[in-house]
Amino acid sequence: MIQRFIELGEGYSDLFELLEIVQANQHRLARMLAFHAVKDGKDVTSLAVILEPTKSGDFQPIYFCREGIANPHVTPNKRYDLFVEAAQSQNKDIIELVIKPSNEFADKELFYQYLIGILRMNRYLPVMSTSW
């Protein structure tokens with residue numbers, strides 16, 4: 001199975017696209033996540049939505065808004081409130097994780113591999129299957 005992060009942006013207007021993805025894909029919505037980090041001395045949050053894998057092609061997208069909003073536990077904000085409202089409307093809990101910020105990695109691909117490892121380890125994503 002291919003699991004891939006699809007970055008929509010850094011959490012400003014692209015957050016509204018993430019909310020539309022939740023609404024339009026209710027039947028495939030698997031999980032909603034908030035990743036909290038400290039980046040350049042600021043408490044930031046990334047928001048993500050994991051959809052169920054496609055029926056054909058074995059592709060599982062993880063839509064992602066990277067480090068663009070303030071951590072709501074430090075600075076309450078309307079953007080996070082909208083994400084909470086979307087989760088409640090879909091009867092989903094928001095899974096919250098504390099992670100390293102993206103700027104601690106040489107490139108974004110390594111950052112996304114790190115996140116996929118965390119998600120698999122916590123069983124929020126299925127482990128890789130091998131077809132030998």
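At 40% relative accessibility, lysine 108 counts as partly exposed, a class that lies between buried (under 20% relative accessible area) and exposed (over 50%), with a 1.4 Å probe and protein chains only. The model examined here is predicted: local features need pLDDT of at least 70, side-chain atom pairs count only at pLDDT 80 or more, and totals for chains, interfaces and linings use all residues. Residues are numbered from 1 along each chain as its sequence is written, and side-chain values use heavy atoms, with hydrogens and water left out.

Lysine 108 has a partner, glutamate 7, and the closest N and O atoms of this salt bridge are 3.7 Å apart. The term salt bridge stands for a side-chain nitrogen of Lys or Arg within 4 Å of a carboxyl oxygen of Asp or Glu. Since lysine 108 lies in helix α3 (residues 108–121) and glutamate 7 in strand β1 (residues 2–9), the pair ties together parts that are 101 residues apart in sequence. Glutamate 7 is partly exposed as well, with a relative accessible area of 25%.

A second salt bridge joins arginine 66 to glutamate 10, with 3.3 Å between the closest N and O atoms. This pair too links distant parts of the chain, with arginine 66 in strand β4 and glutamate 10 in the loop between β1 and α1 (14–24), 56 residues apart. Arginine 66 counts as buried at 9% relative accessibility, whereas glutamate 10, at 38%, is partly exposed. Arginine 66 also meets glutamate 67 in a salt bridge (3.7 Å, N to O), and both of these residues are buried. The structure holds 6 salt bridges, and a network of them links Glu7, Glu10, Lys39, Arg66, Glu67 and Lys108.

How do these pieces fit into the whole chain? The protein chain has 3 helices and 5 strands, which are DSSP runs numbered from the N terminus (helices: H or I, at least four residues; strands: E, at least two). Read from the N terminus on, the order of elements is β-α-β-β-β-α-β-α. A compact globule of 132 residues would have a radius of gyration near 14 Å, and the protein chain agrees with its 14 Å; the radius is taken over C-alpha atoms, and the globule rule is 2.2 Å times the number of residues to the power 0.38. The C-alpha trace spans about 50 × 35 × 25 Å along its principal axes.

Of the 132 residues, 45% count as buried. Among contacts (heavy atoms within 4.5 Å) with a separation of 6 or more, 62% are between residues 24 or more positions apart. The chain carries 14 positive and 17 negative side chains, and the centres of the two sets lie 5 Å apart. In this count Lys and Arg are positive and Asp and Glu negative, while His and the chain ends are not counted; each charge is placed at NZ of Lys, CZ of Arg, CG of Asp or CD of Glu.

Aspartate 58 has a positive phi of about 50° although it is not a glycine. Aspartate 58 sits in the loop between β3 (42–51) and β4 (59–70) and is partly exposed, with a relative accessible area of 39%. Asparagine 91, likewise not a glycine, has a positive phi of about 55°. Its place is the loop between α2 (78–89) and β5 (94–98), where asparagine 91 is exposed at a relative accessible area of 72%.
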